[in-house]
Amino acid sequence: MSAKFDFDVLYIGAGHGTFDGAAPLAQTGVSVGVVESGLVGGTCPNRGCNAKIALDEPVKMTREAQRMDDILQGNISIDWAKNMEHKQEIIDVLPAGLTKRLEDAGAKVMHGHAKFVDNHTVLIDDDKKVTAEKIVISTGLKSHRLDIPGTELAHDSEDFLNLTKLPEHITIIGSGYIGMEFATIANAAGSKVTVMLHSDKVLRDFYQPYVEQVVADLKERGVQFIKNSDVQSFEQKDNSYQIHYGKDETLTTDWILDATGRIPNVGNLGLDEIGVKYDKTGVLVNDYLQTNIENIYASGDVISSNQPKVTPAAYFESKYLMSLFSGQTTDPIKFPVIPTVVFTSPRIAQAGISVDEGKKKGYQISENDLANYWYYIVDKEPIAHSTQIHDKDGHLVGVTEISDQAEDASAPGMGANLVVKVHCEP
């Protein structure tokens, strides 16, 4: 450890952008500190994908049971309270386990809010100064909130993941990952669901013909969609809430979820004071994940990047910084293909270039109906398709799939199988 500083490397935030690399970095003999203001593990293990996947598993099971009702006997329904209990059993142990993982490797975990004093010093909870030769900003994203009258009446994704009682009518503002996944879960658990779109497209970053199939299925199950809603304000009326939208329209509901996106968590870090550059997409970094200040780096969802803001990207960035700081590499970061999945029922997964991009480049686009392939016949999936993009030399450069198994897809006809594997386990 440098005699000049408390740590060789200090991480601000303890999510996937940190712990996947910080623990093995500490094992190399580098002095590592980690500051976390909330739960160790960050969003994914505590209030994101792990919790969501746990709540969604019964949804997937009920869908399969419905398709196989001539084989399975009896009705299957979701007990919301029991599902929540099961989710908590899974995630409650994670912060302590991840803390132990870091500390066993030799890292020091400190709790509190860190703010930069200078480019080598942070102040934790306004009373403890900690110094480091290198500092990594890994504070992730936070929920965006609509800037409209009554915005305090709406809830965010963490609130939904901690609902002890499912409201009779949930209205979701936004139709991205969070909006569509939570609409699927709430609908399957028995809630009336309305989704209010900002525009006329759902999941605009995914292949729209597949998205339309998901939307059609949810509509058949009772989910209502309001396009171009132009939400104006929220208002409480006795025990319910009114959403004023459009020119002069009102929707009454029991619970409002603001799922209008997530934004970089850069507030109150002191970035402006020390001159770290960032914009609305995140902290600006070069190909070494280095900010404009030489000894300050950033990792995970907080950075401005053309990579998807998903756990596999944060994991890879954290591992890269471990290799960089330990001297195992001097090369710039080179990302592998990062897969993304939306956990609707059925799921939509994609990796590599998009279908639209492939069409613009004149690449070969192959459509495959997988519903008649034996692997999908096993659980009687009615919706199972994949689209593959091959470049002009015949190389597979992109794939997307819609099916209940899309997050773990090994589609036929692809030469060496492209496995889209998306798990968020710490």
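The legends below describe an overall view and several close-up views of a predicted model.

**Figure 1. Overall view of the predicted chain.** The chain comprises twelve helices and 25 strands. Along its principal axes, the C-alpha trace spans about 70 × 60 × 45 Å. The radius of gyration is 23 Å, which agrees with the value near 22 Å that a compact globule of 426 residues would have. Of the 426 residues, 54% count as buried.

**Figure 2. The open parallel sheet of four strands.** The strands follow the order β10-β9-β8-β14, and their pairing is parallel. The edges are formed by β10 (224-226) and β14 (255-258), each of which pairs on one side only. On average, neighbouring strands of this sheet are turned by 20° against each other, direction ignored. Strand β8 (residues 169-173) pairs with β14 in the parallel sense over four bridges. In this pairing, Thr-171 stands opposite Ile-256 of β14. Five bridges join β8 to β9, and these two strands also run parallel. Here His-169 stands opposite Lys-192 of β9.

**Figure 3. Burial of strand β8.** In a regular strand the side chains alternate between the two faces of the sheet. Both faces of β8 are covered: His-169, Thr-171 and Ile-173 are buried on one side, and Ile-170 and Ile-172 are buried on the other. Strand β8 is largely enclosed by the rest of the structure, because five of its five residues are buried.

Figure 4. Val-193 belongs to strand β9 (residues 192-196). Its relative accessible area is 1%, so Val-193 is buried, the cut-off for this class being under 20%. Beyond its neighbours within four places in sequence, Val-193 is in contact with residues including His-169, Ile-170 and Ile-172, which are residues of β8. Other contacts of Val-193 include Ala-183, Ala-186, Asn-187, Gly-222, Val-223 and Gln-224. The C-alpha atoms of Val-193 and Phe-225 are separated by 8.8 Å, although these residues are 32 residues apart along the chain.

Figure 5. Strands β22 (residues 385-390) and β23 pair in the antiparallel sense over six bridges. Within this pairing, Ser-386 has Glu-401 of β23 as its bridge partner.

Figure 6. Thr-400 lies in strand β23 (residues 396-403). This residue counts as buried, because its relative accessibility is 3%. A polar atom of the Thr-400 side chain lies 2.9 Å from the backbone oxygen of Ala-349. Beyond its neighbours within four places in sequence, Thr-400 is in contact with Tyr-207, Tyr-210, Ile-348, Ala-349, Gln-350, Val-355, His-385, Ser-386 and Thr-387.

Figure 7. The peptide bond from Ser-345 to Pro-346 is cis, with omega near 0°. Pro-346 is placed in the loop between β19 and β20.

**Figure 8. Two loop residues with positive phi.** Leu-289 lies in the loop between β17 (282-283) and β18 (296-298). Although Leu-289 is a residue other than glycine, its phi is positive, near 60°. With a relative accessible area of 2%, Leu-289 is buried. Lys-380 is found in the loop between α12 (374-377) and β22. Lys-380 is not a glycine, yet it has a positive phi of about 55°. Its relative accessible area is 33%, and Lys-380 is therefore partly exposed.

Methods
Residues numbered from 1 in each chain as written. Predicted model: local features only at pLDDT ≥ 70, side-chain atom pairs only at ≥ 80, totals over all residues. Heavy atoms only, no water. Pairing = 2+ DSSP bridges. Axes fitted to C-alpha atoms, helices over the stretch in contact; angles between N-to-C directions. Buried < 20%, exposed > 50% of the residue type's maximum accessible area, 1.4 Å probe, protein only. Polar contact = N/O pair within 3.5 Å; in protein donor to acceptor, adjacent residues only side chain to side chain. Contact = heavy atoms within 4.5 Å. Rg over C-alpha atoms; globule rule 2.2 N^0.38 Å.
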